[in-house]
Amino acid sequence: MALAKIVYASLTGNTEEIADIVAEALENLDLEVEQEECTQVDAEDFLDADICIVATYTYDDGELPDDIVDFYEELQELDLSGKIFGVVGSGDTFYEFFCKSVDDFEAAFVKAGATKGADCVKVDLAAEEEDIVKLEAFAKTIASKA
Ligand SMILES: Cc1cc2nc3c(=O)[nH]c(=O)nc-3n(C[C@H](O)[C@H](O)[C@H](O)COP(=O)(O)O)c2cc1C
């Protein structure tokens, strides 16, 4: 059974809920899923996974959350060739750099040599019905690549 690892950063819960939605959708597609908060893991834990997923919010003018910076820096040093990746996240369209951390993680995965398994999903604050549809489609597409 393919293993999907989801690593998330979340301050007020929106991104954790997004990670939960993706995890449940992947489990319903018969994948084994491990979900961890970003300070509890090392980026190299992705080496055990077939599918590597990051869920992150964006802070202060398009910055990465402090909690996930170490993970982000480690990630870029890895060789993740042969791995499938996907990135989802929450932001707020009020800000100029909406969900920029999602784009930053996409670039980090590409630098690490991973293959994009599905288009990123950016959610405005908490996931609503239309976002859940997008997140489930993300899970279905990425699962089909494993
Ligand atoms: C001080 C502050 C700065 C923020 N800066 C950005 C930003 O630059 N871009 C963005 O898309 N969202 C920004 N946000 C919005 C958060 O990313 C958004 O509230 C998100 O849902 C938080 O996710 P969480 O509930 O998982 O912590 C900011 C929020 C705060 C409080």
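**Ligand site and selected residues**

Ser90 is buried at 4% relative accessibility, where buried means under 20% relative accessible area, exposed over 50% and partly exposed in between (1.4 Å probe, protein chains only). The structure is a predicted model, in which local features need pLDDT of at least 70 and side-chain atom pairs count only at pLDDT 80 or more, while totals for chains, interfaces and linings use all residues. Residues are numbered from 1 along each chain as its sequence is written, and side-chain values use heavy atoms, with hydrogens and water left out.

Ser90 belongs to strand β4; helices (H or I, at least four residues) and strands (E, at least two) are DSSP runs numbered from the N terminus. The side chain of Ser90 reaches the backbone oxygen of Leu125 at 2.8 Å. Ser90 is also among the closest of the 20 residues that surround the ligand, together with Ser10, Leu11, Thr12 and Thr15. A residue is counted here if one of its heavy atoms lies within 4 Å of the molecule. By class, this shell comprises eight nonpolar, nine polar and three charged residues (Ala, Val, Leu, Ile, Met, Phe, Trp, Tyr, Cys and Pro count as nonpolar, Asp, Glu, Lys and Arg as charged, and the others, Gly among them, as polar).

Oxygen atoms of the ligand lie 2.7 Å from a backbone N or O atom of Asn14 and 3.4 Å from a backbone N or O atom of Asp61. For Gly62, a polar backbone atom is 2.7 Å from an oxygen atom of the ligand. Of the 640 Å² of accessible area that the ligand has on its own, the protein covers 85% (Shrake-Rupley method, 1.4 Å probe). The elements that give two or more residues to the shell around the ligand are α1 (14-28) and β4 (84-91).

Helix α1 also contains Ile18, which is buried with a relative accessible area of 0%. Ile18 and Ala43 are 25 residues apart along the chain, and their C-alpha atoms are separated by 20 Å.

Glu106 is located in helix α3 (residues 100-111). At 18% relative accessibility, Glu106 counts as buried. Its side chain makes a polar contact with the side chain of Lys116 at 2.7 Å. A polar contact is a pair of N or O atoms within 3.5 Å; within protein, one must be able to donate a hydrogen and the other to accept it, and residues adjacent in sequence count only if both atoms are side-chain atoms.
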